[in-house]
Amino acid sequence: MDPFIVKAIQLLLSLSLLIVLHELGHFIPAKIFKTRVEKFFLFFDVKFALFKKKIGGTVYGIGWLPLGGYVKISGMIDESMDKEQMAKPPEPWEFRSKPAWQRLIIMLGGVTVNLVLGFLIYMMIMFVWGKNYVGPDEMPEGFAIAEEFKQYGFEDGDRVLQINGEDLQNSDDVNRYLFMRDVNNITVLHQNGEEEIIEIPEDIGEQMWEKGIMIPFIPIQNAVLDSVMPQQAAEIAGLQKGDSLIALNEQEIGYWHEIKQISLENKEKEMELVFKRGDEIKSVMIAPDEEGILGFSVKRNFEIKQQKYGLAESIKEGFDYGYWTLHDYVAQFKYVFTQKGATQLGGFGAIGGLFPDTWNWKGFWHTTALISIILAFMNILPIPALDGGHVMFLLYEMVTGRKPNDKFMEGAQMVGFFILIALVLYANGNDVYRWLFE
């Protein structure tokens with residue numbers, strides 16, 4: 001099956017699951033507090049719905065516009081902008097008639113479900129599949145180091161032993177730590193057998209962002225093909241598993257990181273690739289795609305180990321993984337407000353790209369857990385029309401004892417709605433621009 005279709009199916013399944021559970025997070029406490037829920041919809045039913053059925057006092061349905069979902073709670077100023085209902089005297093079953101603490105719980109329900117769900121999925125992943133890692137002992141040839149990082153004392157072939165004096169189980173985490181966490185020093189083992197503690201500048205994350213060096217440590221791998229992706233440049237050029245690459249674009253190569261650099265510098269440009277197949281030297285013309293991808297993977301010359309966990313250990317490891325996932329996402333969120341960050345915002349295309357090219361349940365659940373945690377964080381932002389906007393006004397009411405009037409809330413809701421629509425259009429516009437021009 002085409003990778004695009006596989007990703008699209010996974011994205012639709014994942015978002016459907018997360019949206020339904022998020023809205024249940026509002027629906028259940030609303031019912032507990034005897035608040036009437038008029039509608040429960042997956043996706044938006046602008047003008048019409050694909051399916052709807054009334055059960056009890058609630059209409060359940062599926063809309064045609066896959067930009068989210070909603071529950072319409074009686075007596076609440078939301079995206080429906082039902083001014084007619086709000087003009088009538090409050091009824092006991094309405095949201096506005098409930099105590100502020102109950103309204104707060106109802107509004108926090110969706111975010112809470114998304115957050116808890118993300119943590120639970122990670123716990124399940126740890127229990128079912130465990131965790132893969134590559135330690136320094138499994139990487140005898142170490143890392144290829146970006147030129148900009150060699151000024152600090154790093155050398156090609158370094159193996160990462162510790163970060164801030166603590167052992168690093170998975171050596172490949174070094175890039176993420178540098179970008180999103182406080183790294184003061186890194187202990188490495190050079191190829192000559194000497195250990196060295198290298199001090200790291202405080203602003204290393206900002207440097208990586210501005211210079212576009214997001215993966216300064218690349219595992220050294222030989223340029224021997226392990227697999228060729230269907231319908232991509234390598235297969236079209238006739239490359240096969242086992243081919244040993246020799247030169248690309250008239251530059252001699254021996255390792256994967258050298259190929260990757262050349263292909264990124266020559267996106268969609270045709271180049272000569274020289275390779276060895278058996279005892280024969282051959283050459284073909286090949287062009288990376290708009291992302292600099294040639295469409296093959298190379299044989300690993302390092303060992304991937306697996307750490308398995310029991311039930312209790314899975315709970316702890318899953319919680320830790322979820323905590324640091326949330327921490328790292330919040331830490332990198334500051335880059336959104338930079339000039340470069342604005343161009344990196346992505347919509348459904350970028351989210352879909354997070355899923356694996358082929359169906360893989362572990363990959364699917366990993367990405368779903370990540371999106372769930374991202375949705376929790378984004379929804380709690382204090383923007384009117386988001387859950388966080390409602391929470392902000394409720395907290396104001398609880399602290400001051402004064403409830404914002406309906407006219408102000410309607411205006412704030414409208415402003416927030418237009419902000420969200422603008423962000424969605426901008427983010428998806430970035431996806432389209434990258435697809436067409438990069």
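**Entry 1. Helices H1 and H11**

At what angle do helix H1 (residues 3-32) and H11 pack, and how far apart are their axes? I looked this up in a predicted model, in which local features need pLDDT of at least 70, side-chain atom pairs count only at pLDDT 80 or more, and totals for chains, interfaces and linings use all residues. Residues are numbered from 1 along each chain as its sequence is written, and side-chain values use heavy atoms, with hydrogens and water left out.

I found that H1 and H11 pack at about 45 degrees, with their axes 10 Å apart. Axes here are lines fitted to C-alpha atoms, for helices over the stretch in contact, and angles run from 0 to 180 degrees between N-to-C directions. Helices (H or I, at least four residues) and strands (E, at least two) are DSSP runs, numbered from the N terminus. H1 and H11 are therefore oblique to each other; angles under 35 degrees count as roughly parallel, over 145 as roughly antiparallel, 65 to 115 as roughly perpendicular and the rest as oblique.

I noted a right-handed crossing of H1 past H11. A crossing is left-handed if the near helix is turned anticlockwise from the far one by less than a right angle, and right-handed if clockwise. On the H1 side, I listed Gln10, Leu13, Ser14, Leu15, Leu17, Leu18 and His22; on the H11 side, Phe364, Trp365, Thr368, Ile371, Ser372, Leu375 and Asn379. Contact means heavy atoms within 4.5 Å. The residues of the contact of H1 with H11 comprise 8 nonpolar, 6 polar and no charged. Ala, Val, Leu, Ile, Met, Phe, Trp, Tyr, Cys and Pro count as nonpolar, Asp, Glu, Lys and Arg as charged, and the others, Gly among them, as polar.

**Entry 2. Helix H3 and its partners**

I next examined H3 against helix H11 (residues 361-379): the two pack at about 155 degrees with axes 8 Å apart. H3 and H11 are therefore roughly antiparallel to each other, and H3 passes H11 in a left-handed crossing. The contact includes Asn114, Gly118 and Tyr122 in H3 and Trp365, Ala369 and Ile373 in H11. I recorded 14 nonpolar, 6 polar and 1 charged among the residues of the contact of H3 with H11.

How do the axes of helix H3 (residues 100-128) and helix H8 (residues 311-332) cross? They come within 7 Å and cross at roughly 130 degrees, which makes H3 oblique to H8. The crossing of H3 past H8 is right-handed. From H3, residues including Leu115, Phe119 and Tyr122 meet residues of H8, among them Ile315, Phe319 and Tyr323. The contact of H3 with H8 divides into 12 nonpolar, 4 polar and 1 charged. Leu115 of H3 also belongs to the contact with H11.

**Entry 3. Sheet S6-S5-S7-S8**

I followed an open sheet of 4 strands with antiparallel pairing, in the order S6-S5-S7-S8. S6 and strand S8 (195-199) stand at the edges with a single partner strand each, so one side of each has no neighbour in the sheet. Two strands pair if DSSP finds at least two bridges between them.

Strand S5 (residues 159-163) is joined to strand S7 (residues 185-189) by 4 bridges, with Gln162 opposite Thr187. S5 pairs with strand S6 (residues 166-167) over 2 bridges, and here the partner of Gln162 is Asp167. The S5-S6 hairpin has 2 residues between its strands, and Asn164 in the turn has a positive phi of about 55 degrees. S7 and S8 are joined by 5 bridges; Leu189 has Glu195 as its bridge partner in S8.

**Entry 4. Sheet S12-S11-S13-S14**

Another open sheet of 4 strands, again antiparallel in pairing, has the order S12-S11-S13-S14. Its edge strands are S12 (251-252) and S14 (280-286). S11 (residues 244-248) and S13 (residues 271-277) pair over 4 bridges, and Leu248 stands opposite Leu273. S13 and S14 pair over 7 bridges, Lys276 having Ile281 as its partner in S14. In the S13-S14 hairpin, I found a positive phi near 65 degrees at Gly278. Helix H7 (residues 256-265) lies across S11, S12 and S13, at about 40 degrees to S11.

**Entry 5. Confidence**

I checked pLDDT, the predictor's confidence in each residue, from 0 to 100. The chain mean is 89, and 97% of its residues reach 70 or more. Confidence is lowest in helix H2 (residues 83-87), at a mean of 67, and highest in H3, at 97. Where pLDDT is low, the predicted coordinates should not be read in detail.
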